[in-house]
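Me: Can you take me through how the parts of this structure meet? Please keep it short.

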Amino acid sequence: MLLQRLSLGLITLFVVSLIIFLGVSLLPGDAAQAMLGQSATPETVAALRKQMGLDQPGYIRYFTWLGGILQGDFGVSISNKREIAELLGTRFSNTIFLAVFAAIIAVPLALALGIMAALHRNSIYDRSVNVITLSSISTPEFFVAYILILFISVKAGWFPSLANVSPDTPFVERLSKCFLPALTLTLVVVAHMMRMTRAAIINLLASPYIEMAALKGIRKLRIITRHALPNAWAPIINVIVLNLAYLIVGVVVVEVVFVYPGLGQLLVDSVQRRDLPVVQACCLIFAATYVLLNLTADILSILTNPRLLHPK
Amino acid sequence: MTDTKSNPESADAMPPPPRRNESQVTVALRELRKAPLSAKIGLLIIVTYIFVAIFAPAIAPYGESEIVGPQFDLWSDTNLLGTDHLGRDMLTRLIYGARNTVGIALITTLLAFVLGGTCGILAAVFSGWIDQLLSRVVDVLMAIPSLIFAMLLLTIFGTSIVNLVLIIGILDSTRVFRIARAVSLNVVVMDFIESARLRGEGFAWITMREVLPNIMPPLVAEFGLRFCFVFLTISALSFLGLGIQPPTADWGSMVRDTSTLITYGDITPLLPAAAIAILTIGVNFVVDWFLHKTSGLKEEH
Amino acid sequence: MSKLTKLEQELRAGRLSRRDFLQATSALGLGAVAPSLLSPAYAAPNKGGKMTVGLGHGSTTDSLDPGTYENDFMIGSAFARFNFLTEISNSGELVGELAESWEVTPDAKEWTFKLRSGVEFHNGQSLTAEDVVNSINHHKGEESTSAAKPIVDPITDIKADGDTVTFVLEAGNADFPFLVSDYHLAIMPSKDGKPDWESAVGTGPYMKDSFEPGVNLKLKRNPNYWKEGAAHFDEAELIVIADVAARTNALNTGEIDMMDRCDIKTLHLLQRNKNVVIEEISGNGHYTIPMRTHLEPFNDNNIRLALKYALDRENMLQTVLGGHGSIGNDHPIGKGQRYYAADLPQKSYDPDKAKFYLKEAGLSSLDVDLSAADAAFAGAVDAAQIYQENAAKAGININVIREPADGYWSNVWNSDNRGWCFSYWGGRPTEDWMFSTAYASGASWNESAWENEEFNKLLVAGRSELDESKRRDMYVEMQRLCSDEGGSVVPLFNNYIHATSTKIAHDENMATNWANDGQRYLERWWFA
């Protein structure tokens with residue numbers, strides 16, 4: 001089954017690459033025009049097109065690219081001729097580092113807050129956690145970032161406002177530089193996961209077996225962690241995975257505000273410049289991350305639900 | 001807050017089943033009276049926003065894009081909340097923003113839920129190739145970074161409000177699909193679904209009578225949040241020049257336009273941000289109440 | 001004395017060695033006044049330190065190829081790593097850089113530059129005339145994809161002879177030495193007969209340490225730099241910080257020593273920081289709103305005039321630029337330029353006049369679309385909304401279309417898809433350069449598709465005219481034509497605004513040809 005899912009994942013990647021290729025090709029303007037920008041003249045655009053190989057028909061370019069990928073060759077960026085594998089390498093590890101950093105704070109926090117909220121539902125605690133997380137989630141993330149920078153960096157001076165890490169940045173310094181971006185991301189994703197945890201648990205609290213457990217006099221916290229939570233995992237895991245995927249794929253705004261050299265900025269720049277090989281490579285990496293995370297989520301959902309493990 | 005005193009172990013207050021001879025309105029009103037304070041506040045917020053949205057031209061002191069004073073004017077009698085970066089009345093912009101932002105976000109979210117929810121349940125109930133097909137399509141759509149995807153599509157198809165709603169609605173429906181499918185899968189393996197199938201009930205019956213009530217709570221919870229994510233997506237797209245077109249006031253762009261002020265501790269950008277936050281909180285208070293009630297109703301099974 | 005003042009300036013700006021200065025002054029019989037100038041405090045600003053700069057421009061797709069430079073990050077990096085044949089000094093004069101001197105034939109067609117001797121590239125290679133030929137040829141020819149192609153295409157032949165390089169032009173051009181100061185025309189070392197741009201090696205004040213496009217560029221001082229009194233920092237780092245709030249925060253926390261493109265809306269708030277100095281330069285950069293003059297309704301000059309009078313320029317200046325700039329008069333020549341037409345009547349906001357011209361065109365009201373995106377310049381969408389409000393009072397309904405920033409320059413600007421849109425020009429150091437680029441018949445960036453016979457005749461005549469006063473009259477007339485008949489509304493000239501920490505010092509003068517002291521901040525500035 002795992003093998004089947006993996007091959008499905010590969011097909012997904014293939015379809016994604018096709019869609020992205022078509023999408024970027026359909027965009028008005030091409031790499032040559034985008035690169036020359038305001039200084040484009042018909043002659044230079046034509047010459048650049050030829051140099052970039054854009055004068056070839058689309059399908060040929062696509063299959064050439066696909067052939068390269070199958071041999072593990074991502075090709076070169078058409079706007080600055082750099083090896084894409086090299087271009088993406090450090091940026092991808094930066095993206096993963098920030099995502100993991102944020103997830104390590106956010107996931108346990110969200111679960112704990114969610115369980116507590118379910119336990120003390122409708123209490124003052126529940127309400128205030130709700131209001132705070134909802135406020136943080138409904139504020140655009142660049143704005144959350146500005147507020148954090150104002151208080152933690154400019155006023156208090158505890159952490160730097162620039163997260164301009166490079167491969168040779170020592171680990172401790174890296175942690176300190178990435179703290180504010182990670183905190184911003186935490187505020188952005190925690191509400192979603194926390195509310196789903198709370199909802200899923202409350203949904204189960206009315207089930208007969210929980211009632212039974214309550215009647216047996218088991219403590220509330222134990223009921224939730226031992227009886228309700230195991231059955232609530234499916235939706236919670238799904239939401240966690242969605243948010244993990246977001247931490248990797250959707251952080252371009254945070255990257256811009258904190259000047260963090262991740263993949264998001266590269267992708268946006270490359271779309272604007274119609275630098276197709278780079279867009280493709282970034283999207284494939286994002287898609288692959290997503291497929292793997294999903295696979296993990298499905299496996300975990302099945303593992304946590306005995307009924308799904310042995311379908312009738 | 002009245003509810004906190006009710007039996008916490010059984011999770012929720014049990015409303016009596018509605019009597020036949022009562023009209024729906026009476027039932028709704030009675031439920032409303034019994035609603036906790038937070039839900040009432042939430043409802044009040046939503047009603048206020050809807051009222052403001054509908055009657056914006058009547059309430060607003062100035063025209064939507066009228067320049068009435070110098071930029072970043074302070075709060076005064078003539079401009080209650082001061083002016084924005086072009087010298088337009090902040091209060092007026094906020095009021096019109098309700099109309100534009102809320103309307104579009106609501107339609108988009110509803111579209112996402114109808115589409116995503118239906119497909120999700122469909123996939124879970126029928127499983128087999130339908131599930132495979134839908135899931136793979138959704139996998140592909142979700143695997144593409146959504147902001148980039150929306151950017152691509154809007155650039156290709158043009159930036160009209162209809163396109164905006166359709167594109168964000170469809171992209172967001174994939175998220176709803178996954179949640180709906182996941183929770184439905186848990187339900188469809190239950191014995192009562194099995195027996196309904198053995199009785200030969202159709203998809204529609206099973207969905208409406210058995211699956212939907214059981215997956216409603218997480219879906220409703222998701223609705224409250226999706227609604228606010230749609231806001232944020234629109235504001236991000238507005239920033240890229242692909243969202244709502246100026247001089248139309250929308251809160252996302254308003255935050256963006258004034259956001260640098262926060263660096264100096266000026267609270268102007270907090271106003272539109274607060275407008276979004278308060279609505280989100282209001283919607284989610286009501287959502288919590290529904291959640292509460294639906295989980296209570298479930299006990300009747 | 002004026003000669004001495006000039007020499008002093010040259011010395012301070014580093015274009016004159018101390019020995020040259022002494023020789024020149026003693027030749028003037030003024031040797032005695034010189035020593036105070038040559039005291040270390042003045043002649044040699046502090047050396048050392050690491051300069052960290054946060055720039056709003058810069059993209060992950062940037063390339064080291066000088067033909068592709070188009071943003072402030074790469075322009076700044078070009079002036080840090082390379083030298084050029086000529087240089088616009090910080091007092092606005094044209095001086096030689098790698099060219100020591102130049103000569104021209106009377107028809108202004110053949111220009112011969114004599115190269116400075118003993119200049120070395122970062123890799124130890126000596127500068128030769130061949131390097132210059134190859135570097136300029138890099139931008140020429142059919143295969144060329146360089147943005148500087150239009151500048152170098154009129155060169156029919158380039159010859160190297162010993163330490164001189166001769167350029168033969170298609171037609172006379174009195175401004176040619178200005179053209180070769182362009183930031184694209186960097187002088188690179190040759191490798192196998194081709195200019196070697198991949199290595200980023202030049203003869204300039206700093207050497208590349210590492211470069212990550214769209215992230216940062218790290219530089220080290222060139223220990224063998226030939227120019228005296230220049231390149232004072234030991235190290236420098238340019239960081240791309242696209243978000244203006246992030247840039248401001250980084251300056252406030254001291255993480256960077258300088259930022260460019262300050263946020264005008266909050267400039268008065270930034271001023272409160274005692275450790276920050278805000279500096280403004282009024283340059284030649286300007287905003288334009290070109291109408292496609294061959295399309296309806298803009299083919300009628302009455303409509304164009306109506307629209308020119310329907311704009312409250314002062315209002316736009318205050319709102320979009322917070323007053324940090326000056327209003328334009330519908331021609332692209334800045335106040336600081338040689339032939340600026342100071343006596344030309346200023347077009348101002350006059351709804352009645354606009355209505356009058358509308359009536360002349362046989363209309364009582366007008367509906368037009370105006371395309372805007374902040375890709376044109378920050379605040380373009382706001383500017384469009386102001387125009388809309390202003391013009392409404394003259395019975396003109398402007399429908400503002402917010403275009404996607406993505407692809408703006410290829411799909412909206414300079415294309416017949418749209419009749420009217422916003423645009424921005426960084427300005428050019430000479431009138432001829434500016435006019436030939438954006439107003440001449442047949443020029444590919446003639447954004448308003450303007451064809452004016454009289455103007456085009458004057459342009460060609462003015463280019464090779466060597467008589468100053470005749471030339472001035474011609475350029476004044478061209479400005480009038482642009483203003484009264486041209487297709488572009490030129491509402492504003494913007495100031496370049498940057499901010500530095502109080503630790504940074506520089507010469508009294510700052511160049512106005514580009515932002516940030518002509519983008520030569522790394523060469524010219526130092527730590528106080």
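Reply: Two residues are in contact if their C-beta atoms, placed from the backbone, lie within 7 Å. This is a predicted model: local features need pLDDT of at least 70, side-chain atom pairs count only at pLDDT 80 or more, and totals for chains, interfaces and linings use all residues. Residues are numbered from 1 along each chain as its sequence is written, while chains are lettered from A and ligands numbered from 1 in the order in which they are written.

Me: How many residues does chain B bring to the contact with chain A?

Reply: Both chains take part. Chain A gives 56 residues. Chain B gives 56 residues.

Me: Which helix gives the most to the side of chain B that touches chain A?

Reply: Helices (H or I, at least four residues) are DSSP runs, numbered from the N terminus. Several supply at least two residues each, including H5 (128-143) and H9 (203-239) of chain B. The top giver, with 10 residues, is H11(B).

Me: How are H6(A) and H8(A) set to each other?

Reply: Their axes (lines fitted to C-alpha atoms over the stretch in contact) make angles from 0 to 180 degrees between N-to-C directions. Here the axes come within 8 Å and cross at roughly 130°. Angles under 35 degrees count as roughly parallel, over 145 as roughly antiparallel, 65 to 115 as roughly perpendicular and the rest as oblique. H6(A) and H8(A) are therefore oblique.

Me: Which helix gives the most to the side of chain C that touches chain A?

Reply: In this contact, 38 residues of chain C meet 41 residues of chain A. H7 (149-152) and H15 (408-411) of chain C are among the helices that each supply at least two. The most, five residues, comes from H9(C).
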